[in-house]
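Reader: Could we go through this structure together, starting with the overall picture and then moving to details?
Author: Gladly; here it is.
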Amino acid sequence: FTDRPVNRKKIRLGILATDFTPSAETFAYLPVYEYLSRNFEVILYPLAETGEPLEQYCQLSANLFKPLPQELSQQVKTIRDDDLDILFIATNVTISTNQFCLLAAHRLARIQVTSGGSVVTTGMRNMDYYISGTLTDPSPTAQEQYQEKLIKLEGSAHCFSYGTEEGKITTPVERNDLGIPEDAVVFTSFANYFKIIPELIETWAKIINQV
């Protein structure tokens with residue numbers, strides 16, 4: 001990349017996501033750009049346009065909405081041509097070698113950033129920063145676990161915004177339905193089963209023992 005144009009008054013920020021439909025990743029990363037000051041120029045990059053109400057809401061918080069072409073080389077060119085100052089990668093690029101993993105491995109902007117959507121370091125040399133929190137990565141040696149420069153915000157790294165979505169209980173479940181006493185403590189997990197690893201089970205056991 002050439003030097004940033006000296007006459008550019010706004011920070012040009014790209015948000016790269018699979019889509020902007022109702023999903024955990026959309027809810028987790030909408031706060032990144034939803035209330036940015038006008039000192040930023042925001043461009044959203046999905047793989048496709050869906051017309052979802054939430055997608056339209058996300059567009060209201062951005063200056064441009066640019067669905068990417070299908071070919072990887074054209075995706076790279078489209079993003080590079082926008083001469084971004086910062087690209088925030090708002091999807092998990094560590095789960096598999098998918099299209100976004102291949103795309104994120106390229107140098108697409110002057111600065112490239114990700115966060116908790118990729119639950120471990122990406123290991124990619126073109127990923128410059130990983131944003132976490134003092135409560136999410138409390139270890140003083142946490143940087144050793146990251147290829148990227150680790151940035152810890154005060155508190156938790158996680159913040160969610162649901163935009164236009166409203167909570168709807170489709171199948172109400174009461175304690176009586178499950179035979180659970182009113183004074184019983186209930187633990188639930190809605191994670192994918194493969195995420196329940198030995199370290200998590202050990203942590204749950206400690207919590208249950210304390211309670």
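Reader: Before that, what should I keep in mind about the model?
Author: This is a predicted model, in which local features need pLDDT of at least 70 and side-chain atom pairs count only at pLDDT 80 or more, while totals for chains, interfaces and linings use all residues. Residues are numbered from 1 along each chain as its sequence is written, and side-chain values use heavy atoms, with hydrogens and water left out.

Reader: Fine. How many helices and strands does the protein chain have, and in what pattern?
Author: The protein chain has 6 helices and 7 strands, and along the sequence they follow the pattern β-α-β-α-β-α-β-α-β-β-β-α-α. Helices (H or I, at least four residues) and strands (E, at least two) are DSSP runs, numbered from the N terminus.

Reader: And the box its C-alpha atoms fill, what is that roughly?
Author: Taken along the principal axes, the box is roughly 65 × 40 × 35 Å.

Reader: What share of the residues is buried?
Author: Buried residues make up 32% of the 211 residues in the protein chain, where buried means under 20% relative accessible area, exposed over 50%, and partly exposed in between (1.4 Å probe, protein chains only). The chain exposes about 13,300 Å², of which carbon and sulfur atoms supply 55%; these accessible areas come from the Shrake-Rupley method with a 1.4 Å probe, and for residues only the protein chains shown count as cover.

Reader: What about contacts between residues 24 or more positions apart?
Author: Such residues account for 57% of the contacts in the protein chain with a separation of 6 or more, a contact being heavy atoms within 4.5 Å.

Reader: Let's turn to salt bridges. How many are there?
Author: The count comes to 10 salt bridges, each defined as a side-chain nitrogen of Lys or Arg within 4 Å of a carboxyl oxygen of Asp or Glu. One of them joins Arg8 and Asp85, with the closest N and O atoms 3.1 Å apart.

Reader: Where do those two lie, Arg8 and Asp85?
Author: Arg8 lies in the segment before β1 (11–16) and Asp85 in the loop between α3 (72–81) and β4 (86–89), so the pair ties together parts that are 77 residues apart in sequence. Arg8 counts as buried at 13% relative accessibility, and Asp85 is buried as well, with a relative accessible area of 5%.

Reader: Changing topic, which residues of helix α1 are buried, and what covers them?
Author: In helix α1 (residues 24–33) the buried residues are Thr26, Phe27, Tyr29, Leu30 and Tyr33. Their cover includes β1, β2 (40–45), α2 (53–60) and β4.

Reader: And Gly155, is that buried or exposed?
Author: Gly155 counts as buried, at 15% relative accessibility, and is found in the loop between β7 (149–153) and α5. Leaving out residues up to four places away in sequence, Gly155 touches Gly133, Thr134, Leu135 and Thr136.

Reader: Last, the surface. Which residues make the nonpolar patch?
Author: Val185, Phe187, Ile201, Trp204, Ile207, Ile208 and Val211 make a nonpolar surface patch of about 670 Å², and Ile208 lies in helix α6. Patches are made of residues with over 30% relative accessible area and no salt bridge; like charges are joined within 9 Å and nonpolar side chains (Val, Leu, Ile, Met, Phe, Trp, Tyr) within 5 Å.

Reader: Which residues gather in the patch of negative charge?
Author: Glu174, Asp177, Glu182 and Asp183 gather there, on the surface. Asp183 lies in the loop between α5 (175–178) and α6 (198–210) and is exposed, with a relative accessible area of 70%.

Terms used
Lys, Arg positive; Asp, Glu negative; His and termini not counted. Charge placed at Lys NZ, Arg CZ, Asp CG, Glu CD.
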